[in-house]
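I opened my notebook to look up a protein, one feature at a time. Here is the structure I had on screen.

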Amino acid sequence: MPKHVASTTLSDPEWHNTHVIEDELVTAVKELKEKSQGDIVQFGILGRSGPQALLFSEGPVTRFQLTEATPLASGIVILDYRVVGADTDVQS
């Protein structure tokens, strides 16, 4: 599975099949979505100050409902959610 890391300091990652996003992050993610044949999984949060520190802090807060949980033998759990609504009154 290809991995993409957004960084302004990392230039040569040691992880297998890892690509560094150095350009404008929002544009790069939109391009990845357009090229993607399947789901995109996001790991990690930027910053340390709550909701405003999330990678995609623009727009309304989206509400989700857990629809399925699949535990793997490795201990990892895959969680599937569906969107149930958005709070359009939230300012970001």
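My entries below go from the whole chain to single residues.

**Ground rules.** I am working with a predicted model, in which local features need pLDDT of at least 70 and side-chain atom pairs count only at pLDDT 80 or more, while totals for chains, interfaces and linings use all residues. Residues are numbered from 1 along each chain as its sequence is written, and side-chain values use heavy atoms, with hydrogens and water left out.

**Entry 1: the overall layout.** I looked up the elements and found 1 helix and 4 strands in the protein. Read from the N terminus, their order is β-β-α-β-β. Helices (H or I, at least four residues) and strands (E, at least two) are DSSP runs, numbered from the N terminus.

How much of the protein is buried? Buried residues are 9% of the 92 residues. For this word I noted the cut-offs: buried is under 20% relative accessible area, exposed is over 50%, and partly exposed is in between, with a 1.4 Å probe and protein chains only.

Accessible areas come from the Shrake-Rupley method with a 1.4 Å probe, and for residues only the protein chains shown count as cover.

Next came the contacts, where contact means heavy atoms within 4.5 Å. Among those between residues at least 6 apart in sequence, 20% join residues at least 24 apart.

**Entry 2: the start of the chain.** M1 sits in the segment before β1. M1 counts as exposed because its relative accessible area is 79%. From M1 to T18 I count 17 residues in sequence and 9.0 Å in space, C-alpha to C-alpha.

P2 belongs to the segment before β1 (3–6). Its relative accessible area is 48%, so P2 is partly exposed. P2 and T18 are 16 residues apart in sequence, with 6.0 Å between their C-alpha atoms. Which residues does P2 touch, leaving aside its neighbours within four places in sequence? P2 is in contact with N17 and H19.

I then went to N17, which lies in the loop between β1 and β2 (18–21). N17 has a phi near 60°, a positive value in a residue other than glycine. With 32% relative accessible area, N17 is therefore partly exposed.

**Entry 3: A6.** I found A6 in strand β1. A6 is partly exposed because its relative accessible area is 42%. Leaving aside neighbours within four places in sequence, A6 is in contact with I21 and L25. The C-alpha atoms of A6 and E22 are 6.3 Å apart, and the two residues are 16 apart along the chain.

**Entry 4: a negative patch.** E22 turned up again here: E22, D23, E24, E31 and E34 form a negative surface patch. Patches are made of residues with over 30% relative accessible area and no salt bridge, joining like charges within 9 Å and nonpolar side chains (Val, Leu, Ile, Met, Phe, Trp, Tyr) within 5 Å. A salt bridge is a side-chain nitrogen of Lys or Arg within 4 Å of a carboxyl oxygen of Asp or Glu.

Is E34 buried or exposed? E34 is exposed, because its relative accessibility is 69%.

**Entry 5: a nonpolar patch.** Which residues form the nonpolar patch on the surface? They are F64, L66, V77, L79, Y81 and V83, with about 590 Å² of accessible area together. β3 (61–71) and β4 (77–87) each supply at least two residues of this patch. The largest share, 4 residues, comes from β4.

My last stop was L79, in strand β4. L79 is partly exposed, because its relative accessible area is 40%.

How values were computed. Lys, Arg positive; Asp, Glu negative; His and termini not counted. Charge placed at Lys NZ, Arg CZ, Asp CG, Glu CD.
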